[in-house]
Every structure is written in structure tokens, then in C-alpha cells.
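Dear colleague,

I am handing over the structure we spoke about, which you will find just below. Please look through it first, and then read my notes on what was found.

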Amino acid sequence: MVLLSCESGADKAQSQCESMYQIIINENDKHISYLSKNIKIKIDENRNNQNVIIYNSLTNDYLDYLSEIEAAIIKGGTAIFFDEYEYSSVGKEFEVKTKLYKSEIEKLSSSVNFKKRLNLLLNTNSIQIPDDPMILAENNENGRTVVGKVYAFYLDYYFRGFSISQSLAFINNKKRAILELENEFLLNFCK
């Protein structure tokens, strides 16, 4: 019996990438499940702590929103964020909701390190494109821009032209990181 593959080299590589993104999503989903259980226990133990309740409510609302974005990407691809060369209403809403969530969570923590990591995860600053194409761009944590440098808008850099599975993996990873931060907040705040 002989099996033939109809995939060209590029198609096979794309298929392998899609499979890898699905593996990442599945692993993140397990991790998210474990974190969610731990968070629920900590919240039940601290149900009278207003900061804990506020943090969890903000996080649940934002995670629900990210789930809506995932569903929209599955249906319409990453084009949902764009209206030709501008952000669509969905893209603008994504930035606004992300900035609002980040700023509200920052108010609940006094830890400078925690706020730095929250900002790294949730800032929507433009990304400076390095002059050398062999150097990877870095997250523009401080939001500064340099005259004469080329920048890509946040959504363009992370979503424009990417596959559905790659974009879903990116959002899924963000959800996991958000829950890791909430778990850390609860472990440290509720001692």
C-alpha cells in the first residue's frame, strides 16, 4: 500500500504550523482550567475582600470579551480588526477594552513589578520595526516613539495577515497570562 501526500512543501509546512498552534491552544486551555480552579478557591476564601471581587469581575468580563473576539476571528479571520488601512470598529474597541482593563487592574495593585508585567502583556503601543530584518521587534512597553524610525500599529503587527489559528493561539496565550497574573495577585494579596 502506498500513501501519497498532495501537499507541497509550503502546504506541508503551513499544515505543521497550524497543528502546532492547535497544540499550544490545547495546552493553554488545560493550564487555564487549572488556574481557573485555583482562582475560584482563592476567591471563595476571600469573598469579603472587595479588591479580590473587583479584580475577578474585571478579569471575567475581559476574558469573556476575548472569547467573543476568538469567535469573531473563527468566523471572519483577522480582517475583523481592519477596514482597509485603518482599524475597524472591532479593532478600535479591542484597543479601548484592553487599555481600560489594564488601567483598572493597575489600580488594584501597589507592586511596581506586577504593573510592569501587566503593561508588557496588555499595552497596545505601536511596535518599532528594527532596521536590520534579522533582529526581532520588541514590545514597546514605554510607548515612546523615535523620529525617523518605522513603527507598526499594534493590531497590524500581531494580527494583519496572520492565519486564524495563529491569531487564536496569540489570544489564547494572552488569556492564560491574564489568569496567571490574577492567580499571582490572589496568592500575594490574600496571604
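**Aromatic pairs and other features**

The structure holds 16 aromatic pairs, where rings of Phe, Tyr and Trp (its six-membered ring) pair if their centres lie within 6.5 Å, and planes under 30 degrees apart count as stacked, over 60 as edge-to-face and the rest as tilted. One of them joins tyrosine 87 and phenylalanine 153, an edge-to-face pair with 6.1 Å from centre to centre and 70 degrees between the planes. Because tyrosine 87 lies in strand β2 and phenylalanine 153 in the loop between β4 (150-152) and α5 (154-158), this pair ties together parts that are 66 residues apart in sequence. Tyrosine 87 is buried, with a relative accessible area of 13%, whereas phenylalanine 153 is exposed, at 52%. Here buried means under 20% relative accessible area, exposed over 50%, and partly exposed in between (1.4 Å probe, protein chains only). Another pair, tyrosine 154 with tyrosine 158, is tilted, at 4.9 Å centre to centre and 50 degrees between the planes. These two tyrosines are four residues apart in helix α5, so about one helical turn separates them.

Please keep in mind that this is a predicted model, in which local features need pLDDT of at least 70 and side-chain atom pairs count only at pLDDT 80 or more, while totals for chains, interfaces and linings use all residues. Residues are numbered from 1 along each chain as its sequence is written, and side-chain values use heavy atoms, with hydrogens and water left out.

Helices (H or I, at least four residues) and strands (E, at least two) are DSSP runs, numbered from the N terminus.

Glutamate 84, in the loop between β1 (82-83) and β2 (86-87), has a positive phi of about 60 degrees although it is not a glycine. Most residues other than glycine have a negative phi.

Finally, glutamine 166 and cysteine 17 are 149 residues apart in sequence, and their C-alpha atoms are 8.3 Å apart in space.
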